[in-house]
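Subject: Structure handover

Hello,

Here is the structure I said I would pass on. Please open it alongside this email, and my notes follow below.

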Amino acid sequence: VALKRMLNFNVPPVKNSTGEPVWKVLIYDRFGQDIISPLLSVKELRDMGITLHLLLHSDRDPIPDVPAIYFVMPTEENIDRMCQDLRNQLYESYYLNFISAISRSKLEDIANAAIGANAVTQVAKVFDQYLNFITLEDDMFVLCNQNKELVSYRAINRPDITDTEMETIMDTIVDSLFCFFVTLGAIPIIRCSRGTAAEMVAVKLDKKLRENLRDARNSLFTGDTLGAGQFSFQRPLLVLVDRNIDLATPLHHTWTYQALVHDVLDFHLNRVNLEESTGTESIPAGARPKKKNKKSYDLTASDKFWQKHKGSPFPEVAESVQQELESYRAQEDEVKRLKSIMGIEGEDEGAISMLSDNTAKLTSAVSSLPELLEKKRLIDLHTNVATAVLEHIKARKLDVYFEYEEKIMSKSTLDKSLLDMISDPDAGTPEDKMRLFLIYYISSTQAPSEIDLEQYKKALTDAGCNLAPLNYIKQWKAFTKMASAPTSYGNTTPKPLGLFSRVMNTGSQFVMEGVKNLVLKQQNLPVTRILDNLMEMKSNPETDDYRYFDPKMLRGSDSSVPRNKNPFQEAIVFVVGGGNYIEYQNLIDYIKGKQGKHVLYGCSELFNATQFIKQVGTFDSN
């Protein structure tokens with residue numbers, strides 16, 4: 001909503017205006033691009049009158065009779081470039097929107113440039129948009145993508161970090177969270193664990209919200225904020241969690257669709273990049289192997305199949321794709337019939353949509369065709385994505401890993417020794433084995449004896465594993481052991497449901513034999529458990545000493561603040577140090593059972609196990 005308002009020159013778009021939109025160009029930097037691209041497609045931008053969208057630092061030609069909307073971070077180089085645009089008189093008028101608040105001195109730089117270029121009248125509006133976060137789902141956001149290594153797990157947990165570096169990281173996180181709440185139009189009640197980076201974020205965010213509320217004339221939370229009325233009757237709860245409370249989940253093998261896509265494919269800001277296998281035609285000896293085609297697909301909110309199945313166990317997804325395909329094939333015959341009636345057998349969709357609708361038959365055909373073709377596009381997309389995932393599952397025995405890890409995390413009996421799993425040359429990549437071992441190490445109440453550990457290390461090394469991550473996890477475990485009891489993960493294991501029913505049939509796209517049909521049982525992961533305690537006001541040793549901040553209270557320490565006693569309806573969970581789709585899905589599944597309640601999941605960065613292991617493996621072993 002905020003972006004659409006900005007692209008409409010900062011006035012709310014009128015719903016039923018029939019006129020043409022005002023044509024305009026959009027100029028963004030990489031930050032702006034990352035914020036817009038998961039939310040608005042090129043077609044949607046065009047519908048809003050954006051004919052061209054260009055990066056600020058690209059070579060742009062002057063278009064003197066068109067207004068330009070800028071959406072950029074207020075950095076030194078961006079502002080220099082904007083001043084240059086003004087001097088070169090590139091556009092008719094300038095609407096300058098800053099992703100994060102611009103400082104007074106930088107604003108003066110722009111003003112001076114405008115005066116010097118005699119362009120003061122052309123700078124129509126300057127806005128702080130407070131949109132410095134990336135929304136990936138209606139209920140999920142991450143802070144940044146461009147320089148995420150600055151706020152990464154590794155950056156926050158470096159042993160040699162200086163206080164000033166830590167301050168900078170915390171300020172960056174708080175700036176984004178502040179933007180998030182300005183956009184939401186709500187002041188949260190903040191809870192966080194003590195003695196962690198999450199606590200530092202809480203203290204700073206509380207201060208920043210307070211200062212803004214105190215300055216009543218310029219407060220961003222009064223009257224006609226964007227989300228006014230969205231949460232107005234009750235304030236949301238913000239739970240700030242530190243990644244260190246649970247390092248097993250980010251390493252865990254996954255079994256739901258979205259988490260698997262993120263784990264095994266290249267999935268980034270809602271776009272998945274696949275290498276297409278070019279078929280298995282034999283390559284003549286000595287010839288160069290064919291270059292693989294890269295294809296990318298957007299998995300978005302408008303993709304109904306994705307929305308319905310992203311949280312489903314993989315076998316269910318395969319089955320659903322198959323069903324969709326069959327129902328489409330039935331309709332496809334209908335399409336062929338319609339096309340032949342219309343005499344456009346070979347034509348593409350473009351030509352179809354341009355036909356004049358002169359008869360009822362044509363009209364019905366034209367209206368049902370685009371819908372069918374869209375359906376076909378989604379089926380093809382998910383067939384390709386699911387097939388790519390399935391190849392990984394089968395090649396690496398990911399179903400076995402997932403089931404084994406669930407048993408470890410829930411302290412169930414294991415049917416096969418961990419050493420056997422690690423030494424099995426057919427099961428998984430070295431990294432899969434490392435992930436499994438780390439989960440075992442993190443979850444065990446008693447750390448393995450030195451003799452056992454040496455044996456495991458040897459097996460891991462023989463399997464080609466890099467042991468660097470283990471050094472960090474050992475230190476981390478020793479440290480957290482002093483701090484708290486090990487985290488429990490409930491005690492349920494996935495139930496195998498016999499082999500697949502429909503998918504096993506010969507007619508299916510997916511050859512699932514040998515893959516276990518595992519079904520998940522809802523059990524709350526640590527992050528979800530913490531949220532449940534705090535949202536439902538349950539007393540629990542795990543969360544009883546969480547700090548409590550209410551930025552609306554003028555003053556008062558933790559203890560003297562009158563606390564909200566009622567359970568919350570809305571909550572935001574934010575993980576400082578990075579999040580993942582397993583946790584996100586677990587929260588969504590949890591809240592489904594709670595009538596009328598909502599949860600949003602946010603994290604400083606989103607990483608999969610591979611990226612997390614890389615970060616953990618780069619700490620110095622000293």
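Is Asn-118 buried or exposed? The model is predicted, and in it Asn-118 is exposed, with a relative accessible area of 67%. The cut-off for exposed is over 50%. Asn-118 lies in the loop that runs between helix H5 (104-116) and strand E5 (123-128). Its phi is positive, at about 60 degrees, although Asn-118 is not a glycine.

Gln-89 also has a positive phi without being a glycine, here of about 50 degrees. Look for Gln-89 in the loop between helix H4 (76-87) and strand E4 (91-98). Gln-89 is partly exposed, and its relative accessible area is 46%.

Next, a pair of helices. The axes of helix H16 (residues 430-443) and helix H21 (residues 609-617) come within 11 Å and cross at roughly 75 degrees. H16 and H21 are therefore roughly perpendicular to each other, since angles of 65 to 115 degrees count as such. On the H16 side, Glu-431, Met-434, Arg-435 and Leu-438 meet Ala-609, Thr-610 and Ile-613 of H21. The residues of this contact divide into 4 nonpolar, 1 polar and 2 charged.

Last, a sheet. Three strands form an open sheet in the order E10-E11-E12, with antiparallel pairing. Its edge strands are E10 (266-268) and E12 (293-298), each of which pairs on one side only. From one strand to the next, the twist averages 25 degrees. E10 is joined to strand E11 (residues 271-276) by 3 bridges, and the two run antiparallel. His-268 stands opposite Arg-271 in E11.

Regards

Note on methods:
Residues numbered from 1 in each chain as written. Predicted model: local features only at pLDDT ≥ 70, side-chain atom pairs only at ≥ 80, totals over all residues. Heavy atoms only, no water. Axes fitted to C-alpha atoms, helices over the stretch in contact; angles between N-to-C directions. Helix = DSSP H or I, 4+ residues; strand = E, 2+ residues; numbered from the N terminus. Parallel < 35°, antiparallel > 145°, perpendicular 65-115°, else oblique. Contact = heavy atoms within 4.5 Å. Nonpolar A, V, L, I, M, F, W, Y, C, P; charged D, E, K, R; others polar. Pairing = 2+ DSSP bridges. Buried < 20%, exposed > 50% of the residue type's maximum accessible area, 1.4 Å probe, protein only.
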